Amino acid sequence: MRHEVPVEIIDPFLFVERDGQTFVLTNRLECDRIAAVLPGATLALMDDLGLFDLIDDGMSRTEAELEVVIRAVAQWDVRAAAVAPDLPVQVADRLRAEGVQLTVDPVEIERRRRVKTPAELAGIRRALRAAEAGIAAGEHLIRCAERVDGRLRHDGEPLTAEMVRHAVRSACAALGAPAPPDIVVASALSGGGHDPGSGPLPADLPITIDVWPRDETSGCCADMARTFVAGQTSAEVALIAAVVREALEAARAGARAGTTGRAVYDLAAQVIEDAGFPTQRTRQPGVPLTTGFSFSLGHGVGLEVHEPPGLGLAGGQTLVAGDVVAIEPGVDGLEHIGGVMFEDLLLITDDGCETLTQFAYDL
């Protein structure tokens, strides 16, 4: 809905497009804002279709809003429609009860928003600049920390994941793209996967920061990750980092319009398997994969931080010019080490991709 009507709207509204013409059912509070961004749309107001008359007659607000939806659809002569999978169940039930044929068509809905508009792409770039500033703030804390008995200390106190997370989020918010409270600051001591991590951070071991801020103006997200070591980088950790970086470059080189997300994932997975680490491709049936490259390569990024296309075992969709995708190979879950991950954002083009992320990979 935010893609079709590019303004933040907090109340429920109905959007219909038919033969290139746009129709919107909304309320008086949102009418002028929607008209400003969709000047050619036909707008219908719930008030004008009898919302308050229905309420005066004893209907609940929910029942009255559903009735007004039916009246708008009838007014626009909609008899069949392709709809998103997350159309509210009560709306779908009521429309079908009135004889409107609904077909859930996620591919068509996804197709409409896969190619980013110029405003969305600008928002992603702003969110990414905020992410880079956040990562830099976290890196600074880690870089300046003291190493005492295998732990990091800041101003005489233990440096914790919470402290780094606060620094990252503050830097993102300062650039107009707040990050959620569960961004990842993970190490062998705590965190990993979608566990954000907590408590003291280790010296001489990898610390991964994964952040996904949201640009307040456009509603669009960014996603990036880097891994740092405060102190001595062991030969084993350096090897893992080199493998992950090689996998990242293999994926980047193969990312282009016309290929599939699975094909790009396979490029990265092959590098990691050749180095002797397991991936989802080599997992044993019935045995949880807890180490190695245990996750998919990445995903689309836009109005949601995780959106199509997928870049993994199920990534059968073909990449198109205008897709923005995150690629995030890693090797994780290693006892006494943790893991290493790098994540970049790519804009897919006809002949390759543009790397949107601008941040070094140095441990």
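Reader: What volume does the largest pocket have?

Author: Happy to start there. In this predicted model, the largest pocket has a volume of about 1600 Å³. Its lining counts 49 residues, and Met1, Phe15, Ala84, Asp86 and Leu87 are the closest to its centre.

Reader: Which elements supply at least two residues of that lining?

Author: There are helices and strands on the list: strand E1 (14-18), helix H3 (61-75), strand E4 (80-83), helix H4 (89-97), helix H5 (106-114) and strand E13 (307-311). H5 gives the most, with six residues.

Reader: How do the residues of this lining divide into nonpolar, polar and charged?

Author: The lining of the largest pocket has 31 nonpolar, three polar and 15 charged residues. Compare the second largest pocket, where the classes are 14 nonpolar, 18 polar and seven charged.

Reader: What volume does the second largest pocket have, then?

Author: About 730 Å³. Of its 39 lining residues, Gly193, His194, Asp210, Glu328 and Met341 are the closest to the centre. Strands E9 (184-186), E10 (206-211), E12 (298-300), E13, E15 (330-334) and E16 (338-341) each supply at least two residues of this lining.

Reader: What makes a space a cavity and not a pocket?

Author: A cavity is a set of points where a 1.4 Å probe fits but cannot get out, whereas a pocket is an open set. Searching the whole structure gives one cavity of 30 Å³ or more, and about 30 Å³ of space lies in the largest cavity.

Reader: Which residues line the largest cavity?

Author: Glu110, Arg113, Arg114, Lys116, Glu307 and Pro308. H5 and E13 are the elements that give two or more residues to this lining, and H5 gives the most, with three.

Reader: Which class do the residues of the cavity lining belong to: nonpolar, polar or charged?

Author: Five are charged, one is nonpolar and none is polar. The classes follow from residue type: Asp, Glu, Lys and Arg count as charged, and Pro counts as nonpolar.

Reader: Why is Asp323 called buried?

Author: Buried means under 20% relative accessible area. Asp323 has a relative accessible area of 0%, so Asp323 is buried. This residue lies in the loop between E13 and strand E14 (324-327).

Reader: What does Asp323 touch?

Author: Leaving out residues up to four places away in sequence, Asp323 touches Arg114, Pro309, Thr318, Leu346, Leu347 and Ile348. Arg114 is also one of the residues that line the largest cavity.

Reader: What makes the pair of Asp323 and Val320 a polar contact?

Author: The cut-off for a pair of N or O atoms is 3.5 Å. The backbone nitrogen of Val320 lies 2.9 Å from a polar atom of the Asp323 side chain, so this pair falls within the cut-off.

Reader: Is Leu311 buried or exposed, and how do you know?

Author: Leu311, whose place is in strand E13, has a relative accessible area of 2%. The limit is under 20%, so Leu311 is buried. Beyond four places in sequence, Leu311 touches Gly261, Val264, Tyr265, Ser296, Leu297, Gly298, His299, Val325 and Ile327.

Reader: What do the buried residues of helix H9 (261-274) pack against?

Author: They pack against helix H8 (235-254), E13 and E15. The buried residues of H9 are Gly261, Val264, Tyr265, Ala268, Ala269, Val271, Ile272 and Glu273. After H9 comes Gly276, with a positive phi near 95°.

Methods:
Residues are numbered from 1 along each chain as its sequence is written. This is a predicted model: local features need pLDDT of at least 70, side-chain atom pairs count only at pLDDT 80 or more; totals for chains, interfaces and linings use all residues. Side-chain values use heavy atoms; hydrogens and water are left out. On a 1 Å grid over the protein atoms alone, a cavity is a set of points where a 1.4 Å probe fits but cannot get out, and a pocket is an open set with protein on both sides within 12 Å along at least five of seven lines; lining residues have an atom within 4 Å of a point. Grid points are joined across faces, edges and corners, and a volume is the space filled by probe spheres set on the points. Helices (H or I, at least four residues) and strands (E, at least two) are DSSP runs, numbered from the N terminus. Buried means under 20% relative accessible area, exposed over 50%, partly exposed in between (1.4 Å probe, protein chains only). Contact means heavy atoms within 4.5 Å. A polar contact is a pair of N or O atoms within 3.5 Å; within protein, one must be able to donate a hydrogen and the other to accept it, and residues adjacent in sequence count only if both atoms are side-chain atoms.
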